[in-house]
Amino acid sequence: VQLQASGGGLVQAGGSLRLSCKASGSPFTIAAMAWYRQAPGKPRELVASINSGGQINYADSVKGRFTISGQFSANTGYLQMNSLKPEDTGVYHCAGNPGTIVRGGNYAYWGQGTLVTVSS
């Protein structure tokens, strides 16, 4: 299974980006997706997660600014990022799982990441 993330780029503070994640090669429908990010010198952190049961979670730092969505029948997920801040800069990875329940961030499938750079 491969996850392909896209949509990253350079944007000024206050701007918006929409990230996409497409899973391919899986005989199973992805039932849970998440976006993680890693800034230079910092550990990877969960940004947002969603499952086909409608459960959605956001990191406190992005609540009200980011929106995660999923088109599970097409093994595709999105992350709409508005009001971007310089501290949102990092490599954003998408993760997917064939089951809806994921514990401890143990998603079965991971993408290579897309770079988001927010300038001040």
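**An aromatic cluster and the core beside it**

Hi everyone. Let me start with three residues: Tyr 36, Tyr 107 and Trp 110 make up one aromatic cluster. Please keep in mind that this is a predicted model.

How many aromatic pairs does a search of the whole structure find? The answer is 3. One of them joins Tyr 36 to Tyr 107, edge-to-face, at 6.2 Å centre to centre and with 80° between the planes. Tyr 36 belongs to strand 4, while Tyr 107 is in the loop between strand 9 and strand 10 (109-110), so this pair ties together parts that are 71 residues apart in sequence.

Are these two tyrosines buried or exposed? Tyr 36 has a relative accessibility of 8%, and with buried meaning under 20%, it counts as buried. Tyr 107 is buried too, with a relative accessible area of 11%. Tyr 107 also pairs with Trp 110: the ring centres are 6.3 Å apart and the planes meet at 85°, so that pair is edge-to-face. Trp 110, at 29% relative accessibility, counts as partly exposed.

The charged end of Arg 44 sits over the Tyr 36 ring, 5.2 Å from its centre. There is another such arrangement with Arg 18, whose charged end sits over the ring of Tyr 78, 4.0 Å from the ring centre.

Now to the nonpolar core. The largest one has 26 residues, and the members that touch the most others are Trp 35, Val 47, Phe 66, Leu 79, Met 81 and Tyr 92. Which elements give two or more residues to this core? They are strand 1 (2-6), strand 3 (17-24), strand 4 (32-38), strand 5 (45-51), strand 7 (66-71), strand 8 (76-81), strand 9 (90-97) and strand 11 (114-119). Strand 3 supplies the largest share, 4 residues.

If you have the structure open, click on Leu 79. Setting aside neighbours within four places in sequence, Leu 79 is in contact with Leu 17, Arg 18, Leu 19, Trp 35, Val 47, Ala 48, Phe 66, Thr 67, Ile 68 and Tyr 92.

Technical notes: Residues are numbered from 1 along each chain as its sequence is written. This is a predicted model: local features need pLDDT of at least 70, side-chain atom pairs count only at pLDDT 80 or more; totals for chains, interfaces and linings use all residues. Side-chain values use heavy atoms; hydrogens and water are left out. A nonpolar core is a set of buried Ala, Val, Leu, Ile, Met, Phe, Trp, Tyr and Cys residues joined through side-chain atoms within 4.5 Å. Buried means under 20% relative accessible area, exposed over 50%, partly exposed in between (1.4 Å probe, protein chains only). Contact means heavy atoms within 4.5 Å. Rings of Phe, Tyr and Trp (its six-membered ring) pair if their centres lie within 6.5 Å; planes under 30 degrees apart count as stacked, over 60 as edge-to-face and the rest as tilted. A charge sits over a ring if NZ of Lys or CZ of Arg is within 6 Å of the ring centre and within 35 degrees of the ring normal.
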